[in-house]
Amino acid sequence: MTETQPTMPQPEPPPRRLTRSTTDRMIAGVAGGIGKHLGVDPLAIRIAFVILTFAGGLGLLAYLICLVFVPVDDPEAPPLKWGFARTVGAGLLAVAALAILVPDWFWGPWLPLLLLAGAVAYLLLRMVRDDAGSHAGRVAARIAIGIVLAALAVGGFVAAAAGSALGGGIVVAGLVIACGVGLVGGAFRGGARWLILPALVLALPLGAVAATDLDVRGTWGDRRFHPRSTAELAAGYEMGVGSMKVDMRDVELPPGRTDLRLEIGIGEIQVLVPDDLCVTTDAEVGVGVVNAGEGEQGGIDLDVQDDPRVAPGVRRLHLIADIGMGAVMVGDGFFDWDGPRGWRGDDFDALRTGTNRAACLGTA
Amino acid sequence: MTPRAGFDPASLASGVIVIVLGGLLLLDQADVLELPAKYMWPAVLAAVGGILLACGLAGPPRGRA
């Protein structure tokens, strides 16, 4: 029988302390120390600090607290020599510190975008730092490039749509043709299929804008026009994007036809008229709804002409409306989209066909 | 008959389609041609379909087969 040697009791490992790293540091080694302590990539910690800094300065505050209260892992380590990267990093933190003065701008719709930017920055930096042949580097590179390409495509799509709707359609069409010429030229040099993506990114929104005749040049917002007399009544009203409300109830129109041109790129046109006024309509709508005396009509590429028989000498308002995307509504009360009963609330009372016909025949 | 080295028929077909579509859009934007929605949407869809078809028939680009 052999006696087993008694095992020596292992000394307990010292408790893992959070320290600032002197071997992996950009500024003061806080992120390096936290990453080592948590077993997380310090680069991710750094990016998290930057993102949190834009969240009302939380990241900067946390960094400063760690700087003061967390000791370094090697007090004998030589001081840090500041290079380009550290200077840029400190500069970014300084910019972020300015953001503390206006913290409200961060907590909003930009948060997901900032998080996405942080993720992309991490992947790109990891790709640059890793060996070219490493699997993680390749995966990171593909994900980062995919996100960047998707962002570029979405941005290009929106920019092309906005540029076309703002009157730059000819330029966008020229760029589409340039992509086509590049494709044809590249076909004899091994192919240039990558040009298909930018060509479609430009052509699709331009096609949508062209199909709807969308033109958003002009003023934006909510505008209300309330002429009190024919002298105050303009020949027409134009807007780019928003809500146009024209109150015609106080205008005493002369006998016969009075034309009123109304144009808006995206939005709504509401025209308020008295019950006894004859209203005729000629409306062109790219995508949307027309409710102007003939009931509600909706769809794409609408051309609504409501031109009933009108007795001679009857006061008649002839609306010539042009809308890229939105609604034309004629009635005797403003309509509130945010009303308690939704878009069919009681606020808006559409022009009644029978009443309008009677007004046009002078029998109202 | 083997295709010429360095020649990508899909790029050529796609380029021609894109040029035609861009030309239509240019004429529309310059108010030379008035293309209503009922013609514009099919034109755009036909262009996208034509490009996809050309790329599908031509196969992957050289060096990636």
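Here is a short chat about a predicted model and how some of its parts meet.

Colleague: Happy to start! How are α1(B) and α2(B) oriented to each other?

Modeller: Helix α1 of chain B covers residues 9-29, and helix α2 of chain B covers residues 37-58. Their axes come within 8 Å and cross at roughly 170°. Angles over 145 degrees count as roughly antiparallel. The two helices α1(B) and α2(B) are therefore roughly antiparallel.

Colleague: How do the residues of the contact of α1(B) with α2(B) divide into nonpolar, polar and charged?

Modeller: On the α1(B) side the contact includes I17(B), L21(B) and L24(B), and on the α2(B) side V44(B), G50(B) and I51(B) are among the residues that make it. The residues of this contact between α1(B) and α2(B) come out as 13 nonpolar, 2 polar and no charged.

Colleague: Nice. Which element gives the most to the side of chain B that touches chain A?

Modeller: In total, 32 residues of chain B are in contact with 31 residues of chain A. On the chain B side, the elements giving two or more residues are α1 and α2. That side of chain B divides into 21 nonpolar, 7 polar and 4 charged residues. With 16 residues, the element that gives the most is α1(B).

How values were computed. Residues numbered from 1 in each chain as written. Chains lettered and ligands numbered in written order. Predicted model: local features only at pLDDT ≥ 70, side-chain atom pairs only at ≥ 80, totals over all residues. Axes fitted to C-alpha atoms, helices over the stretch in contact; angles between N-to-C directions. Helix = DSSP H or I, 4+ residues; strand = E, 2+ residues; numbered from the N terminus. Parallel < 35°, antiparallel > 145°, perpendicular 65-115°, else oblique. Contact = placed C-beta atoms within 7 Å. Nonpolar A, V, L, I, M, F, W, Y, C, P; charged D, E, K, R; others polar.
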